[in-house]
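Here is a short report on one protein chain. Keep the sequence and the 3D view open as you read.

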Amino acid sequence: MPDISLTMVVVLCLAALAAGWIDAVVGGGGLLLLPALLLGLPASTPAAYALGTNKAVAIVGTSGAAVTYARKAPVDVRLAVRIGLAALVGSSGGAFFAAGMSTEVLKPVIMVVLLAVAAFVILRPAFGTAPATGPASRRRVLAAIGLAGLGIGFYDGLIGPGTGTFLVLSLTAMLHLDLVTASATAKIVNCCTNAGALATFAWQGTVLWQLAAVMAVFNLAGGTLGARTALKKGSGFVRVVLLTVVFALVAKLAYEQWLAWPRVTA
C-alpha cells in the first residue's frame with residue numbers, strides 16, 4: 001500500500017461517504033470518488049490502482065443501496081439481474097476496445113448527449129415523476145436489455161463516467177419507471193458490472209485492499225443513507241439531483257477534454 005497520510009485517508013473516506021450518497025440517489029458517484037483517489041494517491045501510483053480500488057469501494061456502497069431499495073421499492077429484481085448480466089457482457093467488450101480507441105474523440109459527443117438529456121428533463125417536468133404503469137412489454141424489456149444492458153455496459157467498459165446516471169435515464173424512458181424505481185433497478189445492474197470489473201482488477205493485482213476496506217465502510221453508509229433519502233423524498237427530489245449530476249458530468253468531461261494536464265504514472 002502506498003504511503004498515504006492520515007489526513008488524506010480521512011479526506012478519501014469523506015469522499016467515499018458523499019459518493020455513496022450521490023450514487024444511491026441517481027448514479028454518478030464515481031464523478032467524486034475516482035478523481036479523489038487519483039488526486040489522493042501518490043503521483044507515482046499507476047492509475048490502474050485508483051480504478052481498481054474505486055471498484056472495490058463502490059461495489060460495497062452499491063450493494064448496500066440495492067438491498068435498501070429492494071426492501072422498500074417495487075423493483076423487478078429478476079429483470080434487473082437480466083439487464084445486469086447483459087451489462088457485464090457489454091462492459092467486457094468495451095474494455096476490450098478501450099485499448100485501441102481514443103476516448104478523447106468520444107467525450108465531446110457524450111457532452112452533447114448529456115446536455116440534450118438535461119434539456120429534455122428540464123422541458124419535461126413530469127419525466128420520471130409518474131408511478132410505474134405496470135409490467136413493461138416484451139419489446140421494452142428487450143430494448144432495455146440491449147440499450148441499458150449491452151449498450152451502457154459497453155460505454156462503462158470503454159469510458160465509464162456517468163454510467164449510473166445513463167442507466168437511470170434509460171430505464172425511466174424505456175420501462176416507464178418513476179425515477180426512484182429506476183434508481184433502485186440501476187443499483188442492481190451496477191452491482192453486476194462492478195463485480196465483473198472488480199474481478200478483473202483483482203486478478204491483475206491492482207486493488208489497494210486495505211485502503212478500500214476503510215473507504216468501503218463510509219461508502220456503504222453513504223449508499224444506504226442515499227437510498228433511504230430517495231425513498232423518503234420521492235421522484236421530484238431525485239430529478240433535482242439528476243440534473244445536478246448531469247451538469248457536473250458535463251463540466252468534468254469538458255475539463256478533462258480541454259483543460260486537464262495528463263497524469264504521469266510510473
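Start with a covered helix. In α7, the residues Thr163, Gly164, Thr165, Phe166, Leu167, Val168, Leu169, Ser170, Leu171, Thr172, Met174 and Leu175 are buried. Buried means under 20% relative accessible area, exposed over 50%, and partly exposed in between (1.4 Å probe, protein chains only). That is 12 of the 13 residues of α7, so the helix is mostly covered.

The model is predicted: local features need pLDDT of at least 70, side-chain atom pairs count only at pLDDT 80 or more, and totals for chains, interfaces and linings use all residues. Residues are numbered from 1 along each chain as its sequence is written, and side-chain values use heavy atoms, with hydrogens and water left out.

**Helix α7 and its partner**

Helix α7 covers residues 163–175. Its first and last C-alpha atoms are 18 Å apart, close to the 18 Å expected at 1.5 Å a residue. The expected span is 1.5 Å times one less than the number of residues. Just after α7, His176 has a positive phi of about 55°.

Helix α8 spans residues 179–204. It packs against α7 at an angle of about 130°, and the axes lie 8 Å apart. That angle makes α7 oblique to α8. Angles under 35 degrees count as roughly parallel, over 145 as roughly antiparallel, 65 to 115 as roughly perpendicular, and the rest as oblique. Axes are lines fitted to C-alpha atoms, for helices over the stretch in contact, and angles run from 0 to 180 degrees between N-to-C directions.

Which residues of α7 meet α8? They are Thr163, Gly164, Leu167, Val168, Leu171 and Thr172. On the α8 side are Leu179, Ala182, Ser183, Thr185, Ala186, Val189 and Asn190. Contact means heavy atoms within 4.5 Å.

Asn194 also sits in α8. Leaving out residues up to four places away in sequence, Asn194 touches Lys55, Ala58, Ile59 and Thr62.

| Residue | Relative accessibility |
|---|---|
| Cys13 | 5% |
| Cys191 | 18% |
| Asn194 | 6% |

The whole structure holds 0 disulfides. A disulfide is a pair of cysteine sulfur atoms within 2.5 Å.

**The chain overall**

The protein chain has 10 helices and 0 strands. Helices (H or I, at least four residues) and strands (E, at least two) are DSSP runs, numbered from the N terminus. Of the 266 residues in the protein chain, 51% are buried.
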